[in-house]
Amino acid sequence: MNSIEFGPLELDRGFVPVPGRSKISTKVISDSLDHEAKTGRRTRVIRIDPGFSSAPHDHLYWEELLIFHGSLQEGEPGDGEVRHTAPAFARRAPGHLHGPIRAEETCYLLEVNWYDANQRIE
């Protein structure tokens, strides 16, 4: 993996829509994540636009998220919903069920995903 020196992170271009999903796009910073071999790491910026919503879901890899601009709501609307406003941080272990998530405003997150070589998830 190569070093990346400090430089501007353009938030107005370079994002790619997530296939099959509307109102969410990503900008990959580095990526060696291999889902088949369950190895590697990925760092990306996620842009979530107003009107986005997702169902509860989990992953087979670790996930760390830093909301650095905007906010999003997590949980069921009404009783269990919580608004997370920048700056906010989450770390989720493999298999951790989270969501649903929705956005009322544009939200930017820095996301880091990785597989732990010492923790095999089948």
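These legends walk through a few close-up views of a predicted model.

Residue numbers start from 1 along each chain as its sequence is written. Because this is a predicted model, local features need pLDDT of at least 70 and side-chain atom pairs count only at pLDDT 80 or more, while totals for chains, interfaces and linings use all residues; side-chain values use heavy atoms, with hydrogens and water left out.

**View 1. Here is the largest nonpolar core, with 12 residues.**
A nonpolar core is a set of buried Ala, Val, Leu, Ile, Met, Phe, Trp, Tyr and Cys residues joined through side-chain atoms within 4.5 Å. Buried means under 20% relative accessible area, exposed over 50%, and partly exposed in between (1.4 Å probe, protein chains only). Among the members are Ile46, Ile48, Phe52, Leu72 and Cys107. Two or more residues each come from strand 3 (41-48), strand 5 (62-69) and strand 10 (107-114). Strands (E, at least two residues) are DSSP runs, as are helices (H or I, at least four), numbered from the N terminus.

**View 2. Cys107 is one of the core residues, shown here with its contacts.**
Contact means heavy atoms within 4.5 Å. Setting aside residues up to four places away in sequence, Cys107 touches Ile46, Arg47, Ile48, Ile67, His69, Gly70, Ser71 and Leu72.

**View 3. Phe52 sits in the loop between strand 3 and strand 4 (53-54).**
Phe52 counts as buried because its relative accessibility is 4%. Apart from neighbours within four places in sequence, Phe52 is in contact with Arg21, Ser22, Lys23, Ile24, Ile101, Arg102 and Ala103. Look for Glu104 too: it is 52 residues from Phe52 along the chain, yet their C-alpha atoms are separated by 7.7 Å.

**View 4. Strand 3 has pairing partners in strand 2 and strand 10.**
Two strands pair if DSSP finds at least two bridges between them. Strand 2 (residues 24-31) runs antiparallel to strand 3, joined by seven bridges, and Val28 has Arg44 as its bridge partner. Strand 3 is mostly covered, with six of its eight residues buried.

**View 5. Four strands form an open sheet in the order 4-9-6-7.**
The pairing is antiparallel. Strand 4 and strand 7 (82-85) are the edges, each pairing on one side only. Strand 6 (residues 71-74) is joined to strand 7 by four bridges, and Leu72 stands opposite His84 in strand 7. Leu72 also belongs to the core of the opening view.
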